[in-house]
Structure formats: structure tokens, C-alpha cells
Amino acid sequence: MKSHAKVVVIGGGVVGCSVLFHLARHGWTDVVLLERDELTSGSTWHAAGGMHTINGDPNVAKLQKYTINLYKEIEELSGQATGVHLTGGVLLAATEARLDWLRGVVAKGRYLGIELEEISPNEAAELMPLLDPKQFVGAVRNKEDGHLDPSGVTHAYAKAARKLGAEVERFTKVEDIVRRPDGLWRVITNKGEVVAEHVVNAGGLWAREVGRMVGLELPVLAMEHMYLITEDMPEVAAWNAKTGTEIIHAVDFDGELYLRQERGGMLMGTYEKANKPWSEYQTPWNFGHELLAPDIDRIAPSLEVGFRHFPAFQNTGIKQIINGPFTFAPDGNPLVGPVRGLPGFWVACGVMAGFSQGGGVGLALSNWMIEGDPGADIWAMDVARYGDWATMAYTNAKVRENYSRRFSIRFPNEELPAGRPLKTTPVYDLLSAKGAQWGVAYGLEVPLWYAPEGVKDEFSWRRSSDFTQVAKEVATVRDGVGLSEISSFAKYKVTGEGAAAWLDRMLACKLPKPGRMTLAPMLKEDGRLIGDFTLANLGSEGWFLAGSGIAEQYHMRWFEKHLPDDGSVRIEALGAKLTGLSIAGPKARDVLAKATRSDVSNAAFSFMAIGRMDIGMAPCLVGRVSYTGDLGYEIWVAPEYQRAAYQALMAAGGEFGIGLFGSRALNALRLDKNYGSWGREYRPIYGPLEAGLDRFVAYGKDADFIGKAAALAERRQGGKLRLRAFIVDADDADVIGDEPIWFDGAVRGWVTSGGYTHHSKKSVAVGYVPKEIADESDGFEIELLGKRHAARIQAVPLFDANFERMRA
Ligand SMILES: Cc1cc2nc3c(=O)[nH]c(=O)nc-3n(C[C@H](O)[C@H](O)[C@H](O)COP(=O)(O)OP(=O)(O)OC[C@H]3O[C@@H](n4cnc5c(N)ncnc54)[C@H](O)[C@@H]3O)c2cc1C
């Protein structure tokens, strides 16, 4: 075994082997994979080997498509058969709600280049002869489904990597990992030590244990999973003889089942409701090629449905039940990327669909290590989407929920209950008493809307039970004054003698003067957005940044990577140490003036001013800015004072008719103004010009901010896309995001977010289209629940287009 390597990959399952292959293909050949046993000694060997392109996140779906297309290449490169059978498949709906969901999947496929087609149950039965069409209301055909040989694929990756110069060391168990003072990693094994610049944890079933070697508690948990294989079936033999083809794959969402042909019989797997975690605290090191005891009682309810939906199963025997463990992150997507605070330590774990996702994970990780960027929008897989709050108990609750809902519908207005409430702010009970309906962002409870007595969310793809109340909350703001809880923003304090110069380099905006704020896009080297913040200059106190709450860990990883070594700049994520309230609406100043002795007149405290003031008895930091597009204030307050500030504002607001509003009303208010938000309109694949944030970029400032050259090039060349707001001729449903935008009969763009605006009474969709058509006045359509609706671009904000209200 070599003593030094650029990269050590720990784990020879499908994921580790894919990472090794991609590193080598990208030109890094001084790389070694360490496997404690034979390759495929974790979950990989007993997988059902199914692969498919669909995923709830379109960016992950793209990487799944990449993975499936890769198999031919690795087979040719390695000479090792992968056993790929691209049979195609049908996705089945037994309910109308499921069919609505499938139509959304078909629509997404149009701009992802995934060929999906809605078909009738009878057409589905012609493709998949075992199903009873009477049990279903509709179906979708997917040509890119199939299955493969798990071991063959893993060995093909490994052999191809070896041919390119990478090394694989089997029977080499990593026992400890130690960071040296010079930043290199000592990877200590039962056969000696390798010193590496980078370490990748692809430990699969043992990813938690490998993480613990460097003090990391990763949010992954293994679950038991069962599938059965039947005896040979005459129906299968007849079909094979008649058509000369295999029986295609089927996913029966309402039965929570997947099926495919396995030799002369069928394989049927299920994600059962009464699921069971495996090795909740510690994965035993002596586990390897064993299977777990099957428990047919646990899967019996799903099998009953399966035998009804696929009657031929009633006449056949079960040859074998496989029960094996594999790991999940709380939301079921992989954990990939560099780990904050551990330079050179990377993860590629929690991959629950290794044969659909393993290639994409390897590609993204190798790009990231070699180029400094994953090369795709992989937020949905980024390990930084979790923070310390994703504890072992939280992970356990969420993984079990996610497993049990693997094939369940999640409606756009549906909040999932497991692992909650976890983080709450001090006003949580006060807002609950007012009817707050809670959602969650980065583990923190956030009020979505305020329900009158007896009213609750009815889960739906269409406008629902909250519609009237959200309209009232919007009117409260636009006609008077509303108060909302804004603690879910991420807040950062930047101090030190080098702070100003550092921020000038990190952020693309001009730095504000003391007592002032500005909008601050942050770019990567390639000139694309990596953040959007509000930056405030607090004079001698330092600098304050507010940004997307879900991206706190993501942004801290970026900030810390770029901090100077000399200690001249310090940055702290304030998290729950600072809570927030916001008041907005034409009467917001009257309320604030009554609650404070500070002068908040327009002359003394103009738009984008920030300063310290007491609200009631509570010391606060108040900025004159609002995401509602109305006159408004964001109030930052230490948690021990948040209740006092809230009560002072509500008391002062009484005579002005103050009311509470939640994030759904805020969404409607910001859509009136064409304001975008991080994670939706602003993501690391768009340039500032494309995203309409170029007006906040100080292209001419002296500082050589990160991404400056690329941003200048984008401005010169015009980029490729434009963000646009559309008014949709919708009926009873509004966009939620990821719908296709049609132009002149072809899909040309995609929706990033939208909703009903209530104040302007319009259904609004925001999304990206190619710049060539971005100023067309008509010809657009947006596809919603399988139907195309006429849409037209709304170039100026629907509300207060001259920005008078917020500046008044
Ligand atoms: C019953 C069942 C059915 C499944 N069906 C499908 C399916 O149809 N389609 C699909 O895509 N996925 C399926 N999966 C999931 C799939 O198996 C996983 O997504 C995949 O195997 C994950 O691969 P991995 O490389 O991350 O982890 P693993 O396969 O667990 O590999 C990790 C490797 O790391 C090694 N290792 C760990 N720690 C160390 C150490 N300290 N030193 C050295 N080596 C170490 C282990 O020995 C192991 O070989 C199924 C899983 C099960 C259990």
C-alpha cells in the first residue's frame, strides 16, 4: 500500500468506487480506495439493482439520468459487464391526487430531457401484463427505467478507475483518521498508514462510524428493507415468449411497491409503514455479507395490495425474501460535499439509491475536489443543508418518517410532523395561541399562516383552506400594518480590522456607509451566485449580514474557506442567539414611533437605515427594510428580549389595527414586487445579470471581488437566461415551482416559484427563460397539473412599481 496519496476514498461500495472512477477520469490518478473487506461489503451487494431517473428534486433527477447513461461507458472502459437491462417502466396511480402528482413529474421531465408520457391504465396493462387496470386511474411510461447487476457495476467502476491509474486496496480497514498540523490527513489502517490531502468518507453502512473518527456525527441511519422473489411464473414465461422482451418495471405508488422481472419470476419490494431502523447507534464492524431475518408480517399489508393490483402474484410461491440494511439521510437524499471546519474531508454517503445516484454523486464530488465547484446545482444533496440540530434522535425520527413515506404524496402545503418541534423561538407559544400553523426551516419552527378556530390546512395541489385567511393577512399589511416572525433568517456578525476589506472581496456590492444597509450578492469564481444578503455597516460594532436561513452552514463553509489566516477577520453565525420580528405596512412607522423613543421619522431614519433603539424596554437593532415591498422594519433582538419586543409592538400597534402575518402571506407580498429568494430564484447556476441582481453588483468598484472577471464577462456577453415574472391564467391552482414554461409550443424554461398574490389578485409564476425570448409579449404558457395555461410577462412590479411606499 502506498504511504502517500492525493486522495484516500474510504469504502468500496458502489458510491466509493464511483468517486474513485470519477477522480481518475478527471485526471487525479494519485488516488487510492481502501475497503475493509471485498468490494461491495456493505449494502451494495444485496440491492435489488433497480435504477430510475425520477426524483423530487429536478437537479438530482438530472444526475440520476447521468448515472444511467454512464453504465455503457464504464462497461466499455473496464471490460466488466454491468448487467444493465433498460426495460423501461410504468409509474402507476390508483388515485386522482397521485395522477396529479404524476402529471407534475411528466411536466418536469419535459425541461429535464427525461422522456415521460401519460398513458391510460389499459395502455399500462398492455406494457406490463401483470397489472389489473381496474385498480388504477392512470399511469406514466418511463423509457429510462431498468435494472442492473449491483456487484458488476461496482467492479466495473473499480476496474475502470484502476485502468486510469487509481489503486484499490481490499481487506484494509480504516481504524482512525487524524489531521496533522500541516493540514494533511493521516489515514490509519490495519495495514499501516496513508497520508492524504483529501479523504472521502464513502463508508455507506459505516459512514457514521467513519465520521466519528474525525468528531463528526453525520445524520444518517440504516433501515431494514425487504423485497421478495417469486417462483417462476407462467405469465412471465408467456410474456417473454410472446414479445421476446422482459416484463418492464413498475412502481405502484399507492401500493408503495416496486416490481421487476427476476429470471423466470418477479421481484417485488416495498417501503412498509411499520418500518424498522437497523443498528440505531453503532453499526457492527463484523457485519458483512449477512442478510437480516425477513419479517413477512411487517410487509404483509403492502403485499396484500400488491396481490390485488397484480393478481398473478396470488398464484405463485415466494422463493426468497431478502432483508438488508441501507442508509438514509433525514430527507432521503444523499449527503455529499466538503465538511465545514474539516478542510480536505469530504463525504459521499447516505446514498439510498446508489444505482440511480452513485454516478452523479461521483461526478459532483470529483468536480468539487478538482475544480472547486460541483459543476451542477446539487443543493438537494449538499451535506451543508444540515447543521448541528440534525441530532441522532432527530435523524432517527425523520428517516423513519421518510422511509414510510417513500412513495407517499407530499402536497405543496403539507408539513411533515416527525422530529418537531425542535427549535423554537421565545414567542412560539404566543404565536401558537393566535392560531399559528407552523412549518420548518433549517430545524426552526416558522409561522406559515394564522388559522381561525377550527380551520386547518387541507392538503391539496389546488388553492386550499388557508386561501381566505392568507388574503386577510396580506390585506392587513397592505392596508395597515402586520407583524411577522423572521428569526429563520441566518444572521452573521463580521468583525476585526480586516473586516471591511474582506467583505469588499467576498461580496459583489459596494459597501454601505456606517448606519446604512445594502443588498449584497455574493459570487463564486465563475461569476455565478453563491448567496444574496442584506449587508449592514454597524460602524465601530462591525458588520451585520442577514441571509437565507437554510443556507447558514453552506455559507459559513464558504466564508470560512476564504477567511485570512492572520485572524484579522472574525465571522460568527448568530443562529438562535439573535431572533427577529418584522413590521410592515403603511402604518408600520406609526407603530414603531409609538413603541420607541428614538426618532424614526423618514428624515432621521430613511429607507435602508439601520441602528440600535429600544422597543418598549427591549434593546434592539432595527433596519428599515422589508421583503413585503411596503414601508417596513426588521427588528433584531436577543432571544431573552424577543417576547418583550413583541408585546411592546403589539401593544403599540393596537390602535393601528396591527395583525399577524406568516410566510405564506409574505410570499404573496413579495410576488407583488418580483422579489426573488435564495434557493428558488437565486441558485449557484445563475449569474447576477440572468437573475436580475446585476443592479446590486458594483462592477466598477476597486476591490477585486470574487467572480468579478466572470461577472464582467456575463455583462458583456449577456448570459443565457433571464428571470421573469409571469401572470398566469390559472383556475384553481397556482404554480409551486419546477413547472415547465412553454413558448410557441415548445418547452423553453422552468418555474422557480410563484403563487397567488391576493393584493393584486393574480396568479404569478417566476422562472427562467432564454434571453432571446425574455422580452416577448405573448406566446408563453405555463403547465400546471397537466394543462397548459396562457401566461404573459409582468415586467414591472404589480404593486408600487415606483418603489414609493417603502421609501415614504
Ligand atoms: C434490500 C435492498 C435493496 C436495495 N435496492 C436498491 C435498488 O433497487 N436500487 C438502488 O439504487 N439501490 C438499492 N438499494 C440501496 C443501495 O444498496 C445503496 O444505495 C448502495 O449500496 C449504497 O452504496 P454505498 O457505497 O454508499 O455503501 P455500502 O454499499 O454500504 O458500501 C460501503 C463500503 O465501505 C466499506 N467500509 C466502511 N467503513 C470502512 C472502513 N473504516 N475502512 C474500509 N472500508 C470501509 C464497507 O465494507 C463497504 O464495502 C438497496 C438496498 C437494500 C439493502
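Tutor: Start with one rule: two strands pair if DSSP finds at least two bridges between them. Strands are DSSP runs of E with at least two residues, helices are runs of H or I with at least four, and both are numbered from the N terminus. This is a predicted model, with local features needing pLDDT of at least 70, side-chain atom pairs counting only at pLDDT 80 or more, and totals for chains, interfaces and linings using all residues. Residues are numbered from 1 along each chain as its sequence is written, and side-chain values use heavy atoms, without hydrogens or water.

Now look at the six-stranded sheet. It is open, and its order is S29-S30-S31-S28-S22-S32. The pairing is mixed. Find the edges next. They are strand S29 (610–615) and strand S32 (659–660). Each has a single partner strand, so one side of each has no neighbour in the sheet.

Follow S32 to its partner. Strand S22 (residues 482–485) runs parallel to S32, and two bridges join them. In general, strands of a sheet pair through backbone hydrogen bonds, either parallel or antiparallel.

Contact means heavy atoms within 4.5 Å.

Now turn to a five-stranded sheet. It is open too, in the order S24-S25-S26-S23-S27. Here the pairing is antiparallel. Strand S24 (517–523) and strand S27 (570–573) are the edge strands, and each pairs on one side only. From one strand to the next, the twist averages 25°.

Strand S23 (residues 490–495) pairs with strand S26 (residues 543–547) in the antiparallel sense, over five bridges. Lys-493 has its bridge partner in S26, and that partner is Phe-544. In a regular strand, side chains alternate between the two faces of the sheet.

Helix H14 (residues 552–561) lies across S23, S24, strand S25 (529–537), S26 and S27. H14 runs at about 85° to S25.

Stay there and look at the loop between S24 and S25, which holds Glu-525. Set aside its neighbours within four places in sequence. Glu-525 is then in contact with Trp-558, His-562, Ile-706, Gly-707 and Ala-710. Compare Ala-364. Glu-525 and Ala-364 are 161 residues apart in sequence, and their C-alpha atoms are 17 Å apart in space.

Strand S20 (residues 436–441) and strand S21 (residues 444–450) run antiparallel, joined by six bridges. Val-440 stands opposite Glu-445 in S21. S20 and S21 form a hairpin with two residues between them. In the turn, Tyr-442 has a positive phi of about 50°.

Notes. Axes fitted to C-alpha atoms, helices over the stretch in contact; angles between N-to-C directions.
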